[in-house]
Amino acid sequence: MKMNTFPHVRLRRLRQNEKIRSLVRETHLRVDQLIYPVFVAEGLTEPREISSMPGVMQWPLDQIGGEVKRVADLGVPAVLLFGIPNEKDEVGSQAYAEHGVIQEAIRRLKVETPDTLIITDVCLCEYTSHGHCGVIHNGTVQNDESLNLLAQMALSHVEAGADIVAPSDMMDGRVAAIRRLLDERGYNQTPIMSYSVKYASGFYGPFREAAGSTPQFGDRRAYQMDPANVREALRELEQDISEGADMVMVKPALSYLDVIRQVRDHCDLPVIAYNVSGEYSMVKAAAQNGWIDEQRVVMEIMTSIRRAGADMIITYFAPEVAQWLRS
């Protein structure tokens, strides 16, 4: 009599239909885990599409409320605001101006879409004439001189009504500087979402068109992280936590899933991953050429970021993902 050589363990039993697959699914993606980046530009009268990011716009101040409401109606709970001013100078003075483009956008949104969480990017690069993230002397970004300006920028956002501030500049000590000033002015309940682990990445290319933030000389490798390093990422993480960060971020996401996992395992704070512009544009380009199924690929990417350990995802795909999750 022949012995039964068929497999005793059959893993495929739990894959045979969608109801079973859904029942045993380990990683779940929900719309309330999404944050949508929005660009608001001073002086525009009509939305301007970003050529390298199909479907993403720079929005005029008087239309920003409609765009945020559209996304909120899909269930996306939060937006991350980036501003493009009419005027730039060496110290990015419009970044912390009382009536700057972001400050005015916040005020509008708090009236027009009061239930949406308003997160603001805190960095000088969109506002400086040289395109770097801090004050320049002798061709070098000055860390300590930049801290006061970044703190003033964060304060001006909170005074205008921002719910959360998100410093992305990668200056040492900026979380502490922002926390100190906010606390001194009575805003000790405002959370800081820190871009704790931000790499000097080639995936940011389309964003620089969107935000008008291309450096006029050199690059940002002297302050953003080397893509080869992960132990250093944990040092950055610890520094920000010790200075009072409430949430921490890894940027970019796809080439740094291992870093997201290490950050998740290393701390108990909420972890955010930024699915950046280049990651978005590559998928859009391939989909427009008919090379991939966009919905399937995007949902796979989002799931991979969640599986790596991110609690929230900042993504330009947020409106599409929200619609796909509904259906």
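**The annotated binding site**

UniProt, in an unreviewed entry, places the feature "binding site" at Ser277 and Tyr316; such annotations may be inferred rather than shown by experiment, and their positions follow the numbering used here. Although spread over 40 residues of sequence, these positions cluster in space, with a largest C-alpha distance of 7.5 Å.

The model is predicted: local features need pLDDT of at least 70, and side-chain atom pairs count only at pLDDT 80 or more, while totals for chains, interfaces and linings use all residues. Residues are numbered from 1 along each chain as its sequence is written, and side-chain values use heavy atoms, with hydrogens and water left out.

Ser277 is found in helix α9, residues 277-288 (helices are DSSP runs of H or I, at least four residues, and strands runs of E, at least two, numbered from the N terminus). Ser277 counts as buried because its relative accessibility is 1% (buried means under 20% relative accessible area, exposed over 50%, partly exposed in between, with a 1.4 Å probe and protein chains only). Leaving aside neighbours within four places in sequence, its contacts (heavy atoms within 4.5 Å) include Met53, Phe207 and Tyr316. The side chain of Ser277 also reaches the backbone oxygen of Phe203 at 3.3 Å.

Tyr316 lies in the loop between β12 (312-315) and α11 (318-326). At 2% relative accessibility, Tyr316 counts as buried. Not counting residues up to four places away in sequence, Tyr316 touches Met53, Phe207, Tyr274 and Ser277, among others. The side chains of Tyr316 and Tyr274 are joined by a polar contact of 2.8 Å (a pair of N or O atoms within 3.5 Å; within protein, one must be able to donate a hydrogen and the other to accept it, and residues adjacent in sequence count only if both atoms are side-chain atoms).
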